Amino acid sequence: VGSEMCIRDRPKPQLFQTICFACHTVGGVGGNVGPPLDTIGTKMNEDDLKAWISDPQKIKPGTAMPQIPMTAEQLDEMVAYLISLSAEYPPPCAAQI
């Protein structure tokens with residue numbers, strides 16, 4: 001058993017827990033309005049994520065993703081967390097029995 005937490009159990013930014021989980025899943029937990037974010041770190045780079053989160057309507061007019069008010073520090077924390085979500089890290093969760 002490795003020392004890394006599975007994707008579902010990794011600590012998440014407070015803003016992610018209170019807002020993003022309503023629409024997105026990580027490790028099979030969360031909402032189903034937006035896409036799962038388990039591997040978003042392999043699909044978008046830091047700059048793309050910052051632009052998307054800061055003003056989704058500017059990037060894709062009409063998207064269901066709302067603009068979430070946050071500080072620059074919260075944005076940096078959110079992007080760092082999302083970048084860490086990739087196919088290799090953190091490991092997937094074992095099925096619960």
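**Burial, packing and contacts in a predicted model**

Q: Is valine 33 buried or exposed?
A: In this predicted model, valine 33 has a relative accessible area of 61%. The cut-off for exposed is over 50%. Valine 33 therefore counts as exposed.

Q: Where is valine 33 placed, and how many Å apart in space are valine 33 and alanine 64, C-alpha to C-alpha?
A: Valine 33 sits in the loop between E2 and H2. In sequence, 31 residues separate valine 33 from alanine 64. In space, their C-alpha atoms are apart by 8.5 Å.

Q: In what order do the elements of the protein chain run from the N terminus?
A: The protein chain holds 4 helices and 2 strands. Read from the N terminus on, the order is α-β-β-α-α-α.

Q: What share of contacts with a separation of 6 or more comes from residues 24 or more positions apart?
A: The protein chain has 97 residues, and 34% of them are buried. Among its contacts with a separation of 6 or more, the share from residues 24 or more positions apart is 56%.

Q: Which word describes the orientation of H2 to H4?
A: Helix H2 spans residues 46–54, and H4 spans 72–83. Their axes are 10 Å apart, and the packing angle is about 125°. That angle makes the orientation of H2 to H4 oblique.

Q: How many nonpolar residues are in the contact of H2 with H4?
A: H2 supplies Glu46, Leu49, Lys50, Ile53 and Ser54. H4 supplies Leu75, Asp76, Met78, Val79, Leu82 and Ile83. By class, 3 of the contact residues are charged, 1 is polar, and the nonpolar ones number 7.

Q: What is the handedness of the crossing of H2 and H4?
A: The two helices pack at about 125°. As H2 passes H4, the crossing is right-handed.

Q: Why does serine 84 count as buried?
A: Serine 84 lies in the segment after helix H4. The cut-off for buried is under 20% relative accessible area. Serine 84 counts as buried because its relative accessibility is 15%.

Q: Which residue has its backbone oxygen 2.6 Å from a polar side-chain atom of serine 84?
A: Serine 84 follows helix H4. A polar atom of its side chain lies 2.6 Å from the backbone oxygen of tyrosine 81.

Q: How many Å apart in space are glycine 28 and aspartate 38, C-alpha to C-alpha?
A: Glycine 28 is in the loop between strand E1 (25–26) and strand E2 (29–30). Glycine 28 is exposed, at 67% relative accessible area. Aspartate 38 is 10 residues away in sequence, and the C-alpha to C-alpha distance is 8.6 Å.

Technical notes: Residues are numbered from 1 along each chain as its sequence is written. This is a predicted model: local features need pLDDT of at least 70, side-chain atom pairs count only at pLDDT 80 or more; totals for chains, interfaces and linings use all residues. Side-chain values use heavy atoms; hydrogens and water are left out. Buried means under 20% relative accessible area, exposed over 50%, partly exposed in between (1.4 Å probe, protein chains only). A polar contact is a pair of N or O atoms within 3.5 Å; within protein, one must be able to donate a hydrogen and the other to accept it, and residues adjacent in sequence count only if both atoms are side-chain atoms. Axes are lines fitted to C-alpha atoms, for helices over the stretch in contact, and angles run from 0 to 180 degrees between N-to-C directions. Angles under 35 degrees count as roughly parallel, over 145 as roughly antiparallel, 65 to 115 as roughly perpendicular and the rest as oblique. A crossing is left-handed if the near helix is turned anticlockwise from the far one by less than a right angle, and right-handed if clockwise. Contact means heavy atoms within 4.5 Å. Ala, Val, Leu, Ile, Met, Phe, Trp, Tyr, Cys and Pro count as nonpolar, Asp, Glu, Lys and Arg as charged, and the others, Gly among them, as polar.
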